[in-house]
Amino acid sequence: MKKTKSSLRLEPHWHPNFRNAAALPDLKLVRTHFFVNLISGIVALVVLLTVGYREYYAFNLRASAADLTQQQQNYAAQNRAALELQASLTKEESKVNELADFANQSLPGSGFLIMLSETLPVGCRINNLTHQSHEVTLQGVYTGNADEATEGVSAYLDVLRGHPEVTSRFNNVSLTSLVRDPRGQGLAFSITLTRPQETRTNANDRRRR
């Protein structure tokens, strides 16, 4: 019997296929897990560099803060020393100004003291005399009972207000305090003699010159 073409069938292999596809080597030049490892390594390196930079930045901040704190402490000590020096200079300046005011006053110190000693009544004593650029304050005690001391202080005020050495240099003589002496010896008083405004201005001008 003659075979036809349709009855012919080609076999895929002319011999049996004994290949194990799972055991064959991978023909890819670069495997997928290499890219995965590479990307993971890059990410880890970036994270490591970021953390390292942040730690380095934080370390620099701590060092800068420590330096600033030390500088602040040093400046604080210098500032305290400067303030103490300024306070000392201000105190000395006030003494110098007070001395200059006393030296430039129109009323001589010796003449003023002589006038006080001449006008001071019996039973009255001056414990303190304070001089400023525009006024003189007398603080003292008038011995005796309250009525006698009150009358004596009032009479002493009248004497001062009428004395030529006082009226020529002061425009006001006033009693600023009259209280019982804590030691029980009479009344403690305070009398203020005030200069005219033009006299103060002239004294200040002389001091500035």
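Q: What is the bridge partner of leucine 175 in β4?
A: Leucine 175 is partnered by isoleucine 191 of β4. The model is predicted: local features require pLDDT of at least 70, side-chain atom pairs count only at pLDDT 80 or more, and totals for chains, interfaces and linings use all residues. Residues are numbered from 1 along each chain as its sequence is written, and side-chain values use heavy atoms, with hydrogens and water left out.

Q: What makes β3 and β4 a strand pair, and in which sense do they run?
A: Two strands pair if DSSP finds at least two bridges between them. Another bridge in β4 joins threonine 194 to asparagine 172.

Q: How many helices and strands does the chain contain, and what counts as one?
A: Helices are DSSP runs of H or I with at least four residues, strands are runs of E with at least two, and both are numbered from the N terminus. The chain has five helices and four strands, in the order α-α-β-β-α-α-β-β-α from the N terminus on.

Q: Which strands are the edges of the sheet, and what makes them edges?
A: The sheet is open, with four strands in the order β1-β2-β4-β3 and antiparallel pairing. Strands β1 (124–131) and β3 (172–180) each pair on one side only, and they are the edge strands. From one strand to the next, the twist averages 20°. Between β2 and β4, which run antiparallel, there are nine bridges; in β4, phenylalanine 189 stands opposite glycine 140.

Q: How is helix α3 known to pack on the sheet, and what is its direction relative to that of β3?
A: Helix α3 (residues 146–162) touches β2 (135–143), β3 and β4, where contact means heavy atoms within 4.5 Å. The direction of α3 makes about 165° with that of β3. Such axes are lines fitted to C-alpha atoms, for helices over the stretch in contact, and the angles run from 0 to 180 degrees between N-to-C directions.

Q: Why is β4 described as largely enclosed by the rest of the structure?
A: A residue is buried under 20% relative accessible area, exposed over 50% and partly exposed in between (1.4 Å probe, protein chains only). In β4, nine of the nine residues are buried, so the strand is largely enclosed by the rest of the structure. Of the 209 residues of the chain, 19% count as buried.

Q: Is threonine 192 buried or exposed?
A: Threonine 192, in strand β4, has a relative accessible area of 9% and is therefore buried. Among the residues that threonine 192 touches, not counting those up to four places away in sequence, are Glu135, Val136, Thr137 and Asn172.

Q: How is aspartate 181 classed by its relative accessible area?
A: The value for aspartate 181 is 4%, so this residue is buried. Aspartate 181 is found in the loop between β3 and β4. Leaving out residues up to four places away in sequence, aspartate 181 touches Val141, Gly186, Leu187 and Ala188. The hairpin of β3 and β4 has five residues between the strands, and glycine 184 takes a positive phi near 75° there.

Q: What class does the accessibility of isoleucine 126 give?
A: At 28% relative accessible area, isoleucine 126 is partly exposed. Isoleucine 126 has its place in strand β1. The C-alpha atom of isoleucine 126 lies 5.8 Å from that of glutamine 139, 13 residues apart along the chain. Beyond residues up to four places away in sequence, the contacts of isoleucine 126 include Gly140 and Phe189.

Q: Why is the pair of tyrosine 53 and tyrosine 57 called stacked?
A: Rings of Phe, Tyr and Trp (its six-membered ring) pair if their centres lie within 6.5 Å; planes under 30 degrees apart count as stacked, over 60 as edge-to-face and the rest as tilted. The count comes to one aromatic pair. For tyrosine 53 and tyrosine 57 the centres are 6.4 Å apart and the planes at 20°, so the pair is stacked. Both residues lie in helix α1 (residues 32–104), four residues apart, about one turn of the helix.

Q: How do tyrosine 53 and tyrosine 57 count by relative accessibility?
A: Tyrosine 53, at 55%, counts as exposed, whereas tyrosine 57, at 45%, counts as partly exposed.
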